[in-house]
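Thanks for coming, everyone. Let's look at the model.

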Amino acid sequence: MIAVDIGASSGRVIIGRLPAASGQAAGTLEMEVVHRFPNGVTEIDGSLHWDAEAIFAQVQAGLEAAGAVVRENGERVVSIGIDTWAVDYGLLDAEGELIAAPHAYRDARTDAVIERVHATVSPERLYAIGGMQFLPFNTVYQLAAEVDLAGKRALMIPDLLAYWLTGVERTEETNASTTALFDARAVAWSPEVFDAIDAPQLFAELIAPGESYGRLLPEVAAATGLDPAVEVVAVGSHDTASAVAAVPADDEDFAYVSSGTWSLVGLELDGPVLSQASRAANFTNERGVDGTIRYLQNVGGLWLLQESMRDWAGQGRGRELTHLLAGAAALPAGPVVDANSSEFIAPGGMAGRIRAAVEAAGGSLPAAPAEPGSGVDADQAATVRCIMDSLAAGYAASLRTAAELAGKRPAVVHIVGGGSQNSLLCQLTANATGLPVIAGPVEATAQGNLLVQARAAGLIEGGLTQLRAAIAVDPVRYEPQQ
């Protein structure tokens, strides 16, 4: 199986293998990364966009590399699955051609339309239908910002890539559920919301994780060297859906943090929580694998750290992450900021904006010395400590509220994704929540992607419990400290 796993800053193509095990349906999932590539927004005429065609070229290069490895090993590719970030889409013309580079969610174009949308469909009604957390870049606002949608069709980013591989237009439901154009109870597009924003229902028919988009187009098969019979299988195409599917939980009483550029913090539920109290707390109800609900909040994630490091590198003060974290760990807890504030969404000048936010709240970032020999500037150490404390505080606040609103009390917090390698963040999260933190796997998104493919191919039988049992993970446990 091949996983195409693309985030806001990078992408990977990964071969997954699930060998047979004695007396079992399958053994432990193995992974091999065969292609990596950078990703990022591009400014075009003052707006932020994704270069979707360049991304697809990298996907094809990765598939070609995977095919070469598979042939050399005498193996056979069963399927391909794609996951990316949510909310963004590409517009197609009547001939199925991409009209322009898709807008990126960090673009400010929705600022001018939010009030207009709420004048025709209230935030209360939007939530009662879709259960989506208010975020200024939700797809409903992006679509309302479009000038002319007549005769056009739309595909979410992973569906657009799948379309270019297969020629088939479908919308995978975990990503569809993030748009605020989706009816959480009916598990269908909402005509009421499309009518309210005066837009046609231009998204494709829904498809669930495990179902097939179709087989590779002959020209794609020829370009990549893969068998034309290879299926492109829908997975949890919203990367968080795939990541949560790979949380190594052995019972239902757990919370999770999918920690990367964004932090997705919440609970896994059987059904949505659509109360106005939930809306007021700004929680979202996104679909997960097997019809579960990812009841969560977006909390500003490691984007704050990544952008601060980019600032410092541009100033000639770049440092290794290990040095920055060591310097931050040497400091006492300091001031915190609202990591989910809209002031931290755009790129550029992040370290300065964090310092300004602290000062606006009446605090200051201490110029305390960093750990001896770390080589970290005092302001860098203080800024990184502020980011880590702010993320941990945000996680704890979100989980307390989620537990109250959903009537569910988690016994442990699972941190998966890149943040699971950040021992300072994991320990601070355990301290802030008062719950044990289990860190890992780092590759949860790719693993969830591959495991859904494996089940679609008949290599695993059962539900999420059985999928999660096929993950090899040696998690690190952090106990709360005073």
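Is Glu-268 buried or exposed? Glu-268 is buried, at 13% relative accessibility. Here, buried means under 20% relative accessible area, exposed means over 50%, and partly exposed lies in between, with a 1.4 Å probe and protein chains only.

Some ground rules before I go on. This is a predicted model, so local features need pLDDT of at least 70 and side-chain atom pairs count only at pLDDT 80 or more, while totals for chains, interfaces and linings use all residues. Residues are numbered from 1 along each chain as its sequence is written, and side-chain values use heavy atoms, with hydrogens and water left out.

Now the partner. Glu-268 forms a salt bridge with Arg-468, at 2.8 Å from N to O. Arg-468 sits in helix α17 (residues 464-469) and Glu-268 in strand β16 (residues 262-269), so this pair ties together parts that are 200 residues apart in sequence. Helices (H or I, at least four residues) and strands (E, at least two) are DSSP runs, numbered from the N terminus. Arg-468 is buried too, at 8%.

A salt bridge here is a side-chain nitrogen of Lys or Arg within 4 Å of a carboxyl oxygen of Asp or Glu. The structure holds 19 of them.

Next, a local one. Glu-307 and Arg-310 pair at 2.8 Å between their closest N and O atoms. Both lie in helix α11 (residues 303-314), three residues apart, about one turn of the helix. Glu-307 is buried at 6%. Arg-310 is partly exposed at 48%.

Asp-377 is in the loop between α13 and α14, Arg-319 in the loop between α11 and α12, and 58 residues separate them. Asp-377 is partly exposed at 23%. So is Arg-319, at 30%. The two also belong to a salt-bridge network with Arg-317 and Asp-379.

Last, the helix pair. How do α12 and α14 pack? Their angle is about 80°, and their axes are 8 Å apart. Axes are lines fitted to C-alpha atoms, for helices over the stretch in contact, and angles run from 0 to 180 degrees between N-to-C directions. α12 and α14 are therefore roughly perpendicular, a label for angles of 65 to 115 degrees. Contact means heavy atoms within 4.5 Å. Among the residues making it are Leu-324 and Leu-325 of α12, and Val-384 and Met-388 of α14.

That's my list. Over to you.

Note on methods
Parallel < 35°, antiparallel > 145°, perpendicular 65-115°, else oblique.
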